[in-house]
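User: I'm new to this and would like to learn how to read a protein model. Could you take me through one, feature by feature?

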Amino acid sequence: MDNYPDGIHGGDPHAPWNAPDPWKGRECWECRYCAMVKDVFVCLFEACANGDPEIEIVHPRDSACGDFKEV
């Protein structure tokens, strides 16, 4: 028997563990790590999260990735 709260089962579409990933259907420009530097859009995730000095050039309309953070 599963340890789900009363009235909830593993396949319940309203259960938090079945919620869609927050980046699904989103674009790079909607992410807090996307920035414009000298007319070029870049992803600053590695620089902000890991201190890596390299940045990645992105297109603002690219699909968001798993590192997406809401602005």
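**Reading the model step by step**

Analyst: Let's begin with a loop: lysine 38 sits in the loop between strand S1 (34-37) and strand S2 (40-43). Helices (H or I, at least four residues) and strands (E, at least two) are DSSP runs, numbered from the N terminus. Before we go on, this is a predicted model, where local features need pLDDT of at least 70, side-chain atom pairs count only at pLDDT 80 or more, and totals for chains, interfaces and linings use all residues. Residues are numbered from 1 along each chain as its sequence is written, and side-chain values use heavy atoms, with hydrogens and water left out.

User: What is the phi of lysine 38 near?

Analyst: Phi of lysine 38 is near 50°, a positive value in a residue other than glycine. Aspartate 39 is found in the loop between S1 and S2 too, and this residue, also not a glycine, has a positive phi of about 65°.

User: Is lysine 38 buried or exposed?

Analyst: The general idea is a set of cut-offs: buried means under 20% relative accessible area, exposed over 50%, and partly exposed in between (1.4 Å probe, protein chains only). Lysine 38 counts as exposed because its relative accessibility is 78%. Aspartate 39 is exposed as well, with a relative accessible area of 72%.

User: Let's zoom out. Which elements does the chain have, from the N terminus on?

Analyst: They run β-β-α-β, which comes to one helix and three strands. The chain is more spread out than a compact globule, because its radius of gyration is 17 Å, well over the 11 Å that the globule rule gives for 71 residues. That radius is taken over C-alpha atoms, and the rule is 2.2 Å times the number of residues to the power 0.38. Along the principal axes, the C-alpha atoms fill a box of roughly 55 × 25 × 15 Å.

User: And how much of the chain counts as buried?

Analyst: Of the 71 residues, 20% count as buried. The accessible surface comes to about 5600 Å², and 53% of that belongs to carbon and sulfur atoms. Such areas come from the Shrake-Rupley method with a 1.4 Å probe; for residues, only the protein chains shown count as cover.

User: Which residues make up the largest nonpolar core?

Analyst: First the idea: a nonpolar core is a set of buried Ala, Val, Leu, Ile, Met, Phe, Trp, Tyr and Cys residues joined through side-chain atoms within 4.5 Å. Here the largest one has nine residues: Cys28, Cys31, Tyr33, Cys34, Cys43, Phe45, Val58, Ala64 and Phe68.

User: What does phenylalanine 68 touch?

Analyst: Contact means heavy atoms within 4.5 Å. Leaving out residues up to four places away in sequence, phenylalanine 68 touches Pro22, Trp23, Arg26, Glu27, Glu30 and Cys31.

User: Two of those are charged pairs' members, I guess. How many salt bridges does the structure hold?

Analyst: There are three. A salt bridge is a side-chain nitrogen of Lys or Arg within 4 Å of a carboxyl oxygen of Asp or Glu. Arginine 26 bridges to glutamate 30, with the closest N and O atoms 3.1 Å apart, and to glutamate 70, with the closest N and O atoms 3.0 Å apart. Arginine 26 lies in the segment before S1 and glutamate 70 in the segment after strand S3 (56-57), so this pair ties together parts that are 44 residues apart in sequence. Glutamate 27 and arginine 61 meet in a salt bridge as well (2.8 Å, N to O). Glutamate 27 lies in the segment before S1 and arginine 61 in the segment after S3, so that pair ties together parts that are 34 residues apart in sequence. Salt bridges that share partners join Arg26, Glu30 and Glu70 into one network.

User: Is arginine 61 buried or exposed?

Analyst: Arginine 61 counts as exposed, at 53% relative accessibility. Glutamate 27, its partner, is partly exposed, with a relative accessible area of 22%.
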